[in-house]
Amino acid sequence: MPAIRTPGSPSPRAPRSARARRTGRLTAVAALPLLALTLSACGYGSDSDKDDNGKAKIAADAKKIDGLDEVKIGYFPNLTHGTALVGDHEGLFQKELGATKASYAQFNAGPSEIEALNSKSIDIGWIGPSPAINGYTKSDGENLRIIGGSASGGVKLVVNPKKIKSLDDVKGKKIATPQLGNTQDVAFLNWIKEKGWKVDAQSGKGDVSVVRTDNKITPDAYKSGSIDGAWVPEPTASKLVAEGAKVLLDEADLWPGKKFVITNIIVRQQFLKDHPKVVEAVLRGAVKANQFIQDNPEKAKAAANAKLKQHSGKALPAEVIDPAWKSIQFTNDPLAATLDTEAEHAVKAGLLEQPDLKGIYDLGPLNQVLKAAGEPAVDDAGLGVK
């Protein structure tokens, strides 16, 4: 877990190594318990690809890649992790892995997924930019690499239209973000700063009250009136709209070309070193999942929703999933330049000491997969391995 800095506490002790001094630290601003992770050692495809227990069938002549029995993959049950949801549901990862079994773990928060990666409970994961930066800097650049992109967009400021009619009306109101120091929290704090308003990043108190609230309970908080709006990812934003909220701002409108990274693919560095062919197989599955989404948007949306139902017991209604799905762009490009900008936002907000992110990306395996698929290479914005 990242170093904790609570209000009034001294700054963390300076790193002892020269590399640590160069790297900097992301200071997580709330202690979060490790969430229980549910592992299901199975791929998941269409009915014809499943056995009687609902597990993906492995072809009789399939072989293990790199001699590995299993690869452990983590993701969030969020629409912004749609590449993983679709790839899991359609069995695309398992098909690429042959007899190497794909097992899956679901997480509700970035810090718990990073801890799982550090403890080798997972090997590869889908995760947001802030926890990826956090995990990289916390380990002095030694544990993870970003190996691919997955999604852009899908984040909105939604508000109670009776209380907030313009962007200026946000001042003095109570606005939820998912987690202290998470990707949306950093984005909102940066937006507040650009408006010229003042908020203490640690406490969330100031010209705007930033209320850190788990996405699962944000709709109830909105209905009860304890918050006036929220800066949140999909499908939470569309859930609030279904409760009468209005979209006041789409975060994509704040970015050049309306693109910014919301989900990356990460891997343990040692796993990448030991099992490069397995990593390439998972990336092939991811590229094929994104292609499936592009070619079959309605089927892909249904697949993602079916997977969400499996995890939560309830599918999203059309009034929620339809607008949410449209607001997300699924992409193989990690949009590396925007990750660097997001790190700058965290520094300005006082949540991050100036980091050295050089080496956080290793896009070599992805670019090999893209070349084989006849697709253009993607760029690491100068933050790749040397």
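1. **Confidence.** This is a predicted model. Mean pLDDT for the chain is 87. A pLDDT of 70 or more is reached by 84% of the residues. Residues 1-48 are another matter: pLDDT stays under 50 there. The model still has 124 contacts beyond four places in sequence for that stretch. Where pLDDT is low, the predicted coordinates should not be read in detail.

2. **α10 against α11.** Helix α10 covers residues 276-295, and helix α11 covers residues 297-312. Their axes are 5 Å apart and meet at an angle of about 120°. On the α10 side the contact is made by F292, I293, Q294 and D295. P297, K299 and A300 make it from α11. By class, these residues are 4 nonpolar, 1 polar and 2 charged.

3. **α2 against α11.** Helix α11 also packs with α2, residues 82-89. Here the angle is about 85° and the axes are 8 Å apart. α2 and α11 are therefore roughly perpendicular to each other. L85, V86, D88 and H89 of α2 make the contact. From α11 come A300, A303, A304, A306, K307, L308 and H311. The contact of α2 with α11 divides into 7 nonpolar, 2 polar and 2 charged residues.

4. **Second largest pocket.** Its volume is about 390 Å³. The lining has 20 residues. V287, Q291, N332, L370 and E375 are the closest to the pocket centre. Which element gives the largest share of the lining? Helix α10 does, with 7 residues. β12 (328-330) and α14 (364-372) each supply at least two residues, as does α10. The lining of this pocket holds 11 nonpolar, 5 polar and 4 charged residues.

5. **Backbone points to check.** A cis peptide bond joins E234 and P235, with omega about 15°. P235 sits in the loop between β9 (229-233) and α8 (236-242). D140 has a phi near 55°, a positive value in a residue other than glycine. The loop that holds D140 runs between α5 (129-138) and β5 (144-153).

Technical notes. Residues numbered from 1 in each chain as written. Predicted model: local features only at pLDDT ≥ 70, side-chain atom pairs only at ≥ 80, totals over all residues. Heavy atoms only, no water. pLDDT = per-residue confidence, 0-100. Contact = heavy atoms within 4.5 Å. Axes fitted to C-alpha atoms, helices over the stretch in contact; angles between N-to-C directions. Helix = DSSP H or I, 4+ residues; strand = E, 2+ residues; numbered from the N terminus. Nonpolar A, V, L, I, M, F, W, Y, C, P; charged D, E, K, R; others polar. 1 Å grid on protein atoms, 1.4 Å probe; cavity = no way out; pocket = protein on both sides within 12 Å on 5 of 7 lines; lining within 4 Å. Points joined across faces, edges and corners; volume = space filled by probe spheres on them. Parallel < 35°, antiparallel > 145°, perpendicular 65-115°, else oblique.
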